[in-house]
Amino acid sequence: MKKVLFVASECVPFIKTGGLADVVGSLPKCFPKEEYDVRVVLPKYMCMKEEFKSQMQYITHFYMDLGWRSQYVGVLGLVYDGIQFYFVDNEYYFAGPKPYGNIYEDIEKFAFFSKAALSLLPTVGFQPDLIHCHDWQTGLVPVFLKACFYTDEFYSRMKTIMTIHNLKFQGVWDLKTVQNITGLPSYYFTPDKLEAYGDANYLKGGLVYADAITTVSDTYAEEIKTPFYGEHLDGLMNARANSLRGIVNGIDYDEYNPETDPFLAKNYSAKNFRKEKVKNKRALQEELGLEQDDKKFLVGIVSRLTDQKGFDLIAYMMDEMCQQDMQFVVLGTGEEKYENMFRHFAWKYSGKVSANIFYSEALSHKIYASCDAFLMPSLFEPCGLSQLMSLRYGTLPIVRETGGLKDTVIPYNEYEGTGTGFSFANYNAHEMFNTLKYAEYIYYQKKREWNKMVDRAMAADFSWTASAKKYAEMYDWMIG
Ligand code: ADP
Ligand code: GLC
């Protein structure tokens, strides 16, 4: 039996701020149980739903050194959907209203979590062959393993993988403070290790010390070796190019299934979407106060409202977009300027634009199902899951050709009759607008072609099957 430990800062259904949670919540289930024992360790955030917290069972507790402090580590366990989860309990660190807060607090919080995730292993009797770390919050895991645990027989053969879900966030703080917090020797704080540009950088530590590095699409794996996408670590990505590979994300095909999704007004399938899908549009228009019109081209957005996702292009074009024969439904939270931008257009074009500035699982599913097209003009996109969800629901993505968007959406080719969506190459507002208008044209004027594209989109397979196999092969190879 191969033993793998996932260490992550968020995971569906316990806590989610973005796609990372979807991945950590769905991937561990996709390895054959007879061969792989995959377990997951997460922080026990106070803001997790009571429903889950009340199911967690106390396992043990101990005190752990972190720099000059000695900190309480509570360990709770829960088997959910066949997977063993461990939760690290410490109310000093994990009491906030959200998983992430001020960076200076998070820096200490995730140093604590990363060391605790390693420290608790003997106490729960799990000795993984491989530790799979996700994003900067767990970047110190490979570092602590090397610095504080390797000499112990229990840990000495453990391998590590660092998966980059977003290179933009690195966990950067000043050297002195991080040295003080972590208690790591000064040996580790040099530019070939944890230091980057005069500061301490958690993700960099992980990228230097992990045995292998992955990211969540092939294209992003290439992009991050260039200065534009490299977030100042492109040099390191090039240096470690032999240990870096892209494995595209999948989505949970049980959770995102138009045939069984309990959030939908009307379930539908690849066979009957031509008749049934529109009933969801009707219901959503009614629910959100949009003009009732089955035929109207309805474009959806479900996203964190940040620059990464291309909202400056949308802000720039939104007035003109609203002159088109389309409706827009937006669900998201994030930067205030974008939240207010959508609120403004919902007011200015009421009945045509619906702005839902909050988080809602239910509404997100309804949007994936009800819309005709899904707009995602990202500046960069390591993988992107929203476009995969849209494809699954036969809602055609309109995307910029970057990262995972480029790898998962095949642009429509009217001559060859191929494609599952629409795309444009340059980060340019007019290019986006023209692509949106082109989609609108196909939708209204070539409905048969549109529907054939929906057929292809719904037939595309972005379940975890293929990608989990790639991870498994990688685990096998590393464990030896
Ligand atoms: P990222 O991780 O960069 O935010 P992804 O496309 O990988 O982008 O994943 C985003 C996930 O978060 C998807 O599951 C999407 O449905 C969900 N999501 C984003 N914003 C909201 C929201 N306001 N309400 C519900 N779900 C949301
Ligand atoms: C990050 C990326 C997103 C990716 C997700 C899961 O949040 O921004 O593109 O899909 O992680 O890997």
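Predicted model: local features only at pLDDT ≥ 70, side-chain atom pairs only at ≥ 80, totals over all residues.
Which element gives the largest share of the shell around ligand 1? That would be E13, with 3 residues. Residues are numbered from 1 along each chain as its sequence is written, chains are lettered from A and ligands numbered from 1 in the order written, and side-chain values use heavy atoms, leaving out hydrogens and water.

Ligand 1 is surrounded by 22 residues (a heavy atom within 4 Å), and the closest are Gly19, Arg304, Lys309, Tyr368 and Leu385. By type, the shell splits into 8 nonpolar (Ala, Val, Leu, Ile, Met, Phe, Trp, Tyr, Cys and Pro), 9 polar (the others, Gly among them) and 5 charged (Asp, Glu, Lys and Arg) residues.

As for polar contacts (N or O pairs within 3.5 Å), the side chain of Asp22 puts an N or O atom 2.8 Å from an oxygen atom of ligand 1. A polar backbone atom of Ser360 sits 3.1 Å from a ligand 1 nitrogen, and a backbone N or O atom of Leu385 is 2.8 Å from a ligand 1 oxygen. On its own, ligand 1 exposes 570 Å², of which the protein buries 93% (Shrake-Rupley method, 1.4 Å probe).

Turning to cysteines, there are 0 disulfides (sulfur pairs within 2.5 Å).

Note on methods:
Polar contact = N/O pair within 3.5 Å; in protein donor to acceptor, adjacent residues only side chain to side chain. Helix = DSSP H or I, 4+ residues; strand = E, 2+ residues; numbered from the N terminus.
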